[in-house]
Amino acid sequence: AEKILQIRNLTTGFLTDQGVAKATDRVSMDLEKGQTLCVVGESGSGKSVTALSVMRLIDFAGGVIIDGQMLFNGEDLVRKSQNDMLRIRGNMITMIFQDPISALNPVFTVGEQIAETLRIHKRMGKKEAWLQSVDMLYRVGIPDPEMRAKQYPYEMSGGMCQRVVIAMALACNPELLIADEPTTALDVTVQAQILDLLKQLKQEFGMSMLLITHDMGVAAEVADRIAVMYAGAVVEEGTVQEIFEQPRHPYTIGLLQSIPGLHSKRGGELYTIKGAIPPISRIPSGCRFHPRCPHVMDICRKEEPPLKSSLSGHIAACWLDETGGMDKGRNEPNLQ
Ligand code: SF4
Ligand code: MG
């Protein structure tokens, strides 16, 4: 299938007192056209840095792209000028964030804000842009859109504001939508509605989606493929079925066990992975997960486990996986 986005060995960093600390280390992932790739991990795993890199907004957040490629429809975004990126960000790749309120301007009505986007990026006239913005509000499921278009963000609920932000992001019909924790700030019922909306709009607009979340439950709802990140690196990647039914990395297994009501006993205590994600200035030697891993072995402390791919493209980096310890009884051959 055709790939809309191919991230290859993306290494990024931030300048610290001790020199450059890597925020992502040789991160690779693929997104097929029309699909949703979820990047999952705890906060501090490098998910947002990866997303900001694709947008080339990392440059404005104090970070640098040290190495790697990000092919968008075959063109390397790493090599684009910020001028080119302005056009790409407006028309082809758009991004939404966790907090819809701060993404909206409090002094303009929501209709004006969507219309403004259309006037800038699609060079629409005032009237046309306004009508189009009302139509966008309708398409994101906002009732009475003519009236709502004339309201200010503070007159709307958080869920309604996130719908407005989505309307703004999709107004110019982007090929790729990047959503960074789009439902985290919302309460549970609204969260489910927004995820449903994103799934529906992805179909309607024929776009692809890169969705960042700390929540495996969210990934289960929307993902075609899942990339699990830990401390700046991808530790496992596969289809949603592979990740949920045949997880190969202990970190992934820990994330799955911490989903309420899925792998934990109802009413029982929720499993949490012991310890905390290390700061980027102090990434552990060998396997970066080793200080927290319940299966740690000697080799894990010294040598970094290579990413191994199965024939189906299910990838994981774990020494235990190589020895067959994580999936005895399954004799799918490992490549390389
Ligand atoms: Fe655990 Fe070792 Fe696998 Fe790392 S390589 S996840 S420490 S078993
Ligand atoms: Mg984040």
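These exercises walk through the overall build of a predicted model.

**Exercise 1. The whole fold**

Task: Find how many helices and strands the protein has, and say why it counts as being as compact as a globular protein of its length.

Solution: 
- Start with the elements. The protein holds 13 helices and twelve strands.
- Take the radius of gyration next. For the protein this is 21 Å.
- For 336 residues the rule gives 20 Å.
- The two values are close, so the protein is as compact as a globular protein of that length.
- The C-alpha trace spans about 65 × 50 × 40 Å along its principal axes.

**Exercise 2. Burial and contacts**

Task: State what percentage of the residues is buried, and what percentage of the contacts between residues at least 6 apart in sequence joins residues at least 24 apart.

Solution: 
- A residue is buried if 20 or more other C-beta atoms lie within 10 Å of its own.
- By that cut-off, 43% of the 336 residues are buried.
- Now turn to contacts between residues at least 6 apart in sequence. Of these, 62% join residues at least 24 apart.

**Exercise 3. Two domains**

Task: Locate the domains, then describe the side of domain 1 that touches domain 2.

Solution: 
- Domain 1 covers 3-92 + 174-322, and domain 2 covers 100-173.
- Their C-alpha centres lie 29 Å apart.
- Domain 1 gives 13 residues to the contact, and domain 2 gives 13 residues.
- On the domain 1 side, α2 (82-91) and α8 (188-205) each supply at least two residues.

Key. Residues are numbered from 1 along each chain as its sequence is written. Chains are lettered from A and ligands numbered from 1 in the order in which they are written. This is a predicted model: local features need pLDDT of at least 70, side-chain atom pairs count only at pLDDT 80 or more; totals for chains, interfaces and linings use all residues. Domain bounds come from an automatic or database domain assignment. Two residues are in contact if their C-beta atoms, placed from the backbone, lie within 7 Å. Helices (H or I, at least four residues) and strands (E, at least two) are DSSP runs, numbered from the N terminus. Ala, Val, Leu, Ile, Met, Phe, Trp, Tyr, Cys and Pro count as nonpolar, Asp, Glu, Lys and Arg as charged, and the others, Gly among them, as polar. The radius of gyration is taken over C-alpha atoms; the globule rule is 2.2 Å times the number of residues to the power 0.38. A residue is buried if 20 or more other C-beta atoms lie within 10 Å of its own, exposed if 12 or fewer, and partly exposed in between; C-beta atoms are placed from the backbone.
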